[in-house]
Amino acid sequence: MAAGRVPPGALTLKQFLRRQQVLQLYRKILRAIREVPAEQDRRYLKDWAREEFKRNKDATEEDAIRMMITQGNMQLQELQRTLKLAKS
């Protein structure tokens, strides 16, 4: 491959950054789920998160991906608020 040539199938910078956002959100959700006290609830939430991300892994439309990230962040905040209330 000549210098300066991008291999076919390589991500653009925008796609790479968006992918990093998605992975970061997934990790944050999994970390929050670890705080759920009941094992059965933890398992359910972990399976739910995994399935949601798998179901949407082939999404390519930029607006749809941004919307899903926003929804995921809102769901993460709701989970964190619920856990905080449960601890108090």
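User: What should I know about the model before reading it?
Analyst: This is a predicted model, in which local features need pLDDT of at least 70 and side-chain atom pairs count only at pLDDT 80 or more, while totals for chains, interfaces and linings use all residues. Residues are numbered from 1 along each chain as its sequence is written, and side-chain values use heavy atoms, with hydrogens and water left out.

User: How many helices and strands does the chain have?
Analyst: Helices (H or I, at least four residues) and strands (E, at least two) are DSSP runs, numbered from the N terminus. Here the chain has three helices and zero strands, and its elements follow the order α-α-α from the N terminus.

User: How do I read a salt bridge, and which residue pairs with Glu 39?
Analyst: Side chains of opposite charge can pair when their charged atoms come close. The term means a side-chain nitrogen of Lys or Arg within 4 Å of a carboxyl oxygen of Asp or Glu, and the whole structure holds nine such bridges. Glu 39 pairs with Arg 43, their closest N and O atoms being 3.2 Å apart, and both residues lie in helix 2 (residues 39-55), four residues apart, about one turn of the helix.
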